Amino acid sequence: MGHESSVPLFWRLIKPRYQLIGTKCKTCGNLFYPPKYLCPVCRKEGKLEEIKLKKSGKILTFSIVRSAPSGFEKETPYPVAIIELDDGPKLTSQIVDYKPEDLKIGRKVEACFRRIYTDGKEGIINYGLKFRPV
Amino acid sequence: MKVAVIGIGTTEFGENWDKNLRQLAIEAGTKAIIDAGIRGRDLDAIYLGNMSAGRFVGQEHVAALVSGELGLSIPALRIEGACASGGLALRQGIFSILSGQHDIVLVGGAEKMTDLMTDGVTSSLMGAADQEWEAYYGVTFPSLYAMIARRHMFEFGTTREQMAKVAVKNHHNGFLNPIAQFKKEITIEDVLKSPMVADPLTLFDCSPITDGAATLILCKEEWAKKYTDDPIYIIGSGQASDTLALHDRKSLTTLDATVKAAKEAYKQSGITTKGVDVVEVHDCFTIAEIVATEDLGFCKKGEGGKLLDEGLTEIGGKIPVNTSGGLKAVGHPVGASGIKQAVEIVLQLRGKADKRQVKDAEIGLTHNVGGSGGTAVVHIFSR
Amino acid sequence: MIGIVGYGGYIPRFRIKVEEIAAVWGSNANSIKKGLDVEEKSVPSIDEDTATISVEAALNALKMAGIDPKEIGAIYIGSESHPYAVKPTSTIVGEAIGCSTEYTSADTEFACKAGTAGIQMVMGLIQGDYIKFGLAIGADTAQSKPGDALEYTAAAGGAAFIIGKNGIIAEIEGTYSCSSDTPDFWRRDTIEYPSHGGRFTGIPAYFKHTVSATQGMMNKLGFKPNDFDFVVFHMPNGKFPKRAAKMLGFDFKKLEPGFVVQKIGNTYSGSSLLGLAAILDIAKPGQRILITSYGSGAGSDSFSIKVTDLIEEKRKNANKVQDYIDNREYVTYAHYTRLRRGI
């Protein structure tokens, strides 16, 4: 099995992946993205609700993938980064629309909607958010 | 705690085209049984570390496969914790003896990786990361550790040369190790000039794709001298978890799981870092060894690179690290590495490490990590 | 009154020059540039497609309109390059921009006028009070056969329009269309690249429909060319819209602000709509715009649009078409091939 080619697996995460919707714990106030289903701080005392996060952030660290996993061969080399959103949570994604000098720790970025993966000629297309320098 | 290791065995590590998973497991298992001087029938249970036989060769239920091939109907359990599977299997084997449930157990690790093409292996290994929030975006393990490296360079000034020195040292040690996948010395320049895999990590910064198996026979302390004049004892064990995804960690340059697991092992054994004579750490990538030496307490956070500049972690140095050649040069058949590390420490403490021997080694430590740090397991061995 | 409440465009940032393509085929770049009146065209990134372009344009339109996407009651996306033959682009976009599940949607196809057809469909729903706001998008990542003349102009881009009765920044005074079975440009199912009738695409196709629809529009509302401050036609190249303007009696000055084709090529379903967006970016309250799209196969939709006082404040909130035109990076033919054939 290469990339996520299951339809329900993909469909289930469309909302958080497309709109940057995470969760907020009403008990401790922490924000989580990717969304958490149980507050890891409060556990059973936690009360989670959905929250839409701002699309802006900055690069904490990055690399450039040159040896691709199955399904991404046509896209190498592509940069991946851990991004700290302005709202706080950290996530992992690709960097797009960049110049070499944009790849640096601290660079401000914003989320944009892009194709992530195409399951061959017949399978579904997976979309999601990548990040571009502002 | 005190559990005895009375037998060890490994296959050669490398691209074993002629051997399938069961053959590798049985070969290492048989060698260990012979080394221990026991009969197969004497075993009470099998604990097998294997990360991904399902994705690599389509095989699940691997512990039953191995016990069946050994002709035994004893309890057999497969333990999975990504690249820490071996170390975790060892810990479970130890517990089974300490609990009194079993007296002699076989603890093994095996992985058959080379039947897939590289992109398939890269994808399968990402099962050790967050499938939905890391792998989904095309991230690979080299790029995860590369991101750790970049952050480490940014926060502490660690250099590419220091990272390259890890590979050079481990290749030198591998050159001295008959089971190593790579038995060739390399230079810093070789590392820096090799093809980039995930910036800034080059091909020689990364451990290879390997087939291999390694086995230990453990028995309860009271029986050790019955089987061997030279038992080696496990006197401490520690394990900890952390978030699966790298982006959820508190720090991008410390593996908290290593810190916690090591603390538990040190406390249980009564050993401190000063008392450790030889160490096998999880160098899946060169940066991982640097971070490990810091997180295990052998130097301050951020100074792991200096250990290499000063040659302190070479075989003749103050704190020899990865005398086997590490994952880097011996190879990294994922589920087997944790056991192979233990085999090397046992050899060192027995005084049987040949050209890699650390003089007067009495206390050894193994450090095995799963994924980018979601699991870490540490064991301390003593003569 | 019914009109545009917010609009937005998007053009991918890669460009390839006519010279770059001509060199590969041993053609004379200068005569091609002269003949087509195009300098370069936009090229989508390997991870961009009609859905992603539509999302960018729609997000701009939402920023400008200042409405909650959950109030959108209809989404129509027109394109010749929908990512799926069966599975709507409109729901992918609806999900990505935060719509509720209470909307109607469909994908449309009518060559390069699929987007303007969508605007008319939304207008009907608004006029009938079936919905409060509707989103119509024209976007494409056009494909062309290597070595064919269309390779110099088949580009990528799109524009989105939110239509409604509240907060109108440009009133749609009226619309007029004409359609006929004229097979000037087509693509059979499962075939990768379109085919066309060469010179047949001119007088009997583009000009006949563009001119009749525009004339019909002006007659219907009792307008003459002088009543309009701006005019925009579908831009398959630089020559056709200039000639249509001349045939209809419009000065090139009125065409110029929306004349985006020279720098980005033909964005197909996005073409006339991006031209309209470019004009709206600079138009003053009270000014009147005429837009006539053209879709092969064939037909044209014409609209008369009058800018209101609300436009100057609202359009500050979104990116301008000129910003996207200016934000560019040139690629070689080799890189272009990788980007276009990659998916």
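Biologist: How far apart are the end C-alpha atoms of helix H1 (residues 21-36) of chain B, and what should its 16 residues span at 1.5 Å a residue?

Modeller: This is a predicted model, in which local features need pLDDT of at least 70 and side-chain atom pairs pLDDT 80 or more, while totals for chains, interfaces and linings use all residues. Residues are numbered from 1 along each chain as written, chains are lettered from A and ligands numbered from 1 in written order, and side-chain values use heavy atoms, without hydrogens or water.

The end C-alpha atoms of H1(B) lie 23 Å apart, in agreement with the 22 Å that its 16 residues should span (1.5 Å times one less than the number of residues; helices are DSSP runs of H or I of at least four residues, strands runs of E of at least two, numbered from the N terminus). The helix buries B:Leu21, B:Leu24, B:Ala25, B:Ile26, B:Ala28, B:Gly29, B:Ala32, B:Ile33 and B:Ala36 (buried: under 20% relative accessible area, 1.4 Å probe, protein chains only). These buried residues pack against several elements of chain B, namely strands S1 (3-10), S4 (104-111) and S7 (212-220) and helices H2 (53-57), H3 (62-69) and H9 (224-227). Just beyond H1(B), B:Gly37 adopts a positive phi of about 70°.

By comparison, chains B and C have no contact, and their closest C-alpha atoms are 12 Å apart. Chain A comprises two helices and eight strands, in the order α-α-β-β-β-β-β-β-β-β along the sequence. Its C-alpha trace spans about 45 × 35 × 20 Å along the principal axes, and 54% of the 134 residues of chain A are buried.

Strand S11 (residues 230-233) of chain C pairs with S12(C) in the parallel sense over four bridges (pairing requires at least two DSSP bridges), and C:Val232 stands opposite C:Ile291. Strand S13 (residues 299-307) of chain C runs antiparallel to S12(C), joined by five bridges, with C:Lys306 opposite C:Arg288. Six residues separate S12(C) and S13(C) in their hairpin, where C:Gly297 takes a positive phi near 115°.

Notes. Buried means under 20% relative accessible area, exposed over 50%, partly exposed in between (1.4 Å probe, protein chains only). Contact means heavy atoms within 4.5 Å.
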